[in-house]
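Me: Can you walk me through reading a few side-chain features? I'd like the general idea, then the case at hand.

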Amino acid sequence: MLIVNALTIFFLQKGDLLVENEGKNSISSQAVLKKMICIAKTHRVLIEERVKSVGLHKSLHMMLMYLSRCESTPSQKDLAAEFHISPAAVAATLKKLEADGYIEKTLSEGDKRSKEISITEKGREMVRRSHDIFHSVDEEMLCGIEESELCEMYALLEKITDNLVNMTKNAEK
């Protein structure tokens, strides 16, 4: 069952936080930003709920998806840095993925002290199912939005991205 908190539902409703400006309805930049954040959170919750329904906990799923994108086997230290967790937590996650049949570990040919991680067929199937889930949620989320509207939205998001990049550059100076 999908659990979305009341605040998210409040902000996802149409027409929230409209303000009157010179006799015209407009919306505050704060309302737009809150809406974007709520959309992102709700999207994440939907993805997590659907992935959980196929039997994979969030931390296991995130690790499996990351491993599926790696060209070579990352070290446990690299995984800990990537996920901002302890090496012990990485070891426990990998152990669970291995016990559940999503990955297998073999001794490295180059360094017998380390193990290489490979994704099993069951793991590859879960990655495929996950991509299907992502695609399904994205399609449903954008249902009824015309291509021209998507292009306009993308252009606006690019402007926001540029502003954030410029803010980051300015902060580094």
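**Cysteines and rings**

Me: What is the relative accessible area of Cys70?

Reply: Cys70 comes out at 23%, which makes this residue partly exposed; buried means under 20%, exposed over 50% and partly exposed in between, using a 1.4 Å probe and protein chains only. Cys151, at 48%, is partly exposed too. Keep in mind that this is a predicted model, with local features needing pLDDT of at least 70 and side-chain atom pairs 80 or more, while totals for chains, interfaces and linings use all residues. Numbering starts from 1 along each chain as its sequence is written, and side-chain values use heavy atoms, leaving out hydrogens and water.

Me: How many disulfides are there?

Reply: A disulfide is a covalent bond between the sulfur atoms of two cysteines. With a cut-off of sulfur atoms within 2.5 Å, the count here is 0.

Me: And which aromatic rings pair up?

Reply: You describe such a pair by the distance of the centres and the angle of the planes. The whole structure has 1 aromatic pair (Phe, Tyr or Trp six-membered ring centres within 6.5 Å; stacked under 30 degrees, edge-to-face over 60, tilted for the rest). That pair is Tyr66 with Phe83, edge-to-face, with centres 5.5 Å apart and planes at 80 degrees.

Me: Where do the two partners, Tyr66 and Phe83, lie?

Reply: Tyr66 is in helix H3 and Phe83 in helix H4 (residues 76-83), so the pair ties together parts 17 residues apart in sequence. Helices here are DSSP runs (H or I) of at least four residues, numbered from the N terminus. Both Tyr66 and Phe83 are buried.

Me: Which charged end sits over the ring of Tyr102?

Reply: That's Lys122, 4.8 Å from the ring centre; the rule wants Lys NZ or Arg CZ within 6 Å of the centre and within 35 degrees of the ring normal.

Conventions
Helix = DSSP H or I, 4+ residues; strand = E, 2+ residues; numbered from the N terminus.
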